[in-house]
Amino acid sequence: MGDLFPYATVAHVVSSAGFVLTAWLATYLVTHIPRSFASRLSILSLFALSGYFLHTVLCLFLPADQIGHVWRRYMGWLALLPLPLWLHLTTALMPPARGERFRLAVRLAYFLAGALSLVWVIGPWQFSRTTLLPPELLWPISFFVVVVGGAAARNIVELRRRAADRTLRTRYSLLGAVVLLLTGWILYWPVIVNWLKLPWMPTVRLAVGDSIPLAATLMLAYAVAYHNAFMSGRWVRRDFF
């Protein structure tokens, strides 16, 4: 691994575990029917996270510094997709009359995610395997994440407030935790790594950063297994354990 990552074991484990878990959970949800529209959106977000974790595994095992950080440039943008999908997901869970009011916001979120992803790939940015976001895109991506993540969190608060029973409130609380973790994950890179510049080893920064979406995936798996999120009418706990 060279001088930069002499002790990359933790970062390897976190990234590899994230890839396996997200790919497995997405595949599990794909193979179980009936699938609601919200479950399809969660599957897409899991596959996006799986692609992100695959990119981090490639960055660690096959560092591409000498060819322009090809993994960061052509796969790192996958980190921008889960939050718009979760905004769409939380909007889809709302009553149809209220969900219609957020349709334009969902479309705008997808448009901005697509635009940022395109700029990510084609722009002359400085990529590094010690952090996710290129310095030139810190502000636009941070603004995008705060707005989209905040809108998804607002939807969750509204859903929880309108929930008819404790079971639904607990389920929405878990989904809200997933949204907050996904939002905090992207903000971790500009705030902790780039602006505060805490004196952590590069591998520690990567391991902590990748632990956040891993925690979000574990939270979603718990919601599916113990609270039947996206699996209404099924007992899925026995499939997990």
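Trainee: What should I keep in mind about the numbering and the model?
Mentor: Residues are numbered from 1 along each chain as its sequence is written. The model is predicted, so local features need pLDDT of at least 70 and side-chain atom pairs count only at pLDDT 80 or more, while totals for chains, interfaces and linings use all residues; side-chain values use heavy atoms, with hydrogens and water left out.

Trainee: How many residues does helix 7 have, and what is its span from first C-alpha to last?
Mentor: Helices here are DSSP runs of H or I with at least four residues, strands are runs of E with at least two, and both are numbered from the N terminus. The expected span of a helix is 1.5 Å times one less than its number of residues. Helix 7 covers residues 138-162. With 25 residues, the helix is close to the expected 36 Å, and its span comes to 36 Å.

Trainee: Is tryptophan 139 buried or exposed?
Mentor: Buried means under 20% relative accessible area, exposed means over 50%, and partly exposed is in between, using a 1.4 Å probe and protein chains only. Tryptophan 139 sits in helix 7. Because its relative accessibility is 64%, tryptophan 139 counts as exposed.

Trainee: Which residues form a nonpolar patch on the surface?
Mentor: Patches take residues with over 30% relative accessible area and no salt bridge, joining like charges within 9 Å and nonpolar side chains (Val, Leu, Ile, Met, Phe, Trp, Tyr) within 5 Å. Areas come from the Shrake-Rupley method with a 1.4 Å probe, and for residues only the protein chains shown count as cover. Together the patch has about 450 Å² of accessible area, and its members are Trp139, Val191, Trp195 and Leu196.

Trainee: How many salt bridges are there?
Mentor: A salt bridge needs a side-chain nitrogen of Lys or Arg within 4 Å of a carboxyl oxygen of Asp or Glu. One joins arginine 161 to glutamate 158 at 2.9 Å, N to O, and another joins glutamate 158 to arginine 162 at 2.6 Å, N to O. By this rule the count is two.

Trainee: Why are glutamate 158 and arginine 162 separated by about one helical turn?
Mentor: An α-helix has 3.6 residues a turn, so residues three or four places apart point the same way. Glutamate 158 and arginine 162 are about one turn apart because both lie in helix 7 with a separation of four residues.

Trainee: Which backbone oxygen does the side chain of serine 117 reach?
Mentor: Serine 117 lies in helix 6, residues 103-122, and is buried at 8% relative accessible area. A polar contact is a pair of N or O atoms within 3.5 Å; within protein, one must be able to donate a hydrogen and the other to accept it, and residues adjacent in sequence count only if both atoms are side-chain atoms. At 2.7 Å, the side chain of serine 117 reaches the backbone oxygen of alanine 113.

Trainee: Which residues does threonine 56 touch, not counting those up to four places away in sequence?
Mentor: Threonine 56 belongs to helix 2, residues 37-61, and counts as buried because its relative accessibility is 4%. Contact means heavy atoms within 4.5 Å. Leaving out residues up to four places away in sequence, threonine 56 touches Ser15 and Asp210.

Trainee: And which residues does leucine 21 touch, with the sequence neighbors up to four places away not counted?
Mentor: Leucine 21 is in helix 1, residues 9-30, and is buried at 16% relative accessible area. One of its contacts, Leu218, lies in helix 9, residues 202-227. Not counting residues up to four places away in sequence, leucine 21 touches Leu214, Thr217 and Leu218.

Trainee: Last one: what is the phi of lysine 197?
Mentor: Lysine 197 is in the loop between helix 8 (166-195) and helix 9, and is exposed at 61% relative accessibility. Although lysine 197 is not a glycine, its phi is positive, at about 50°.
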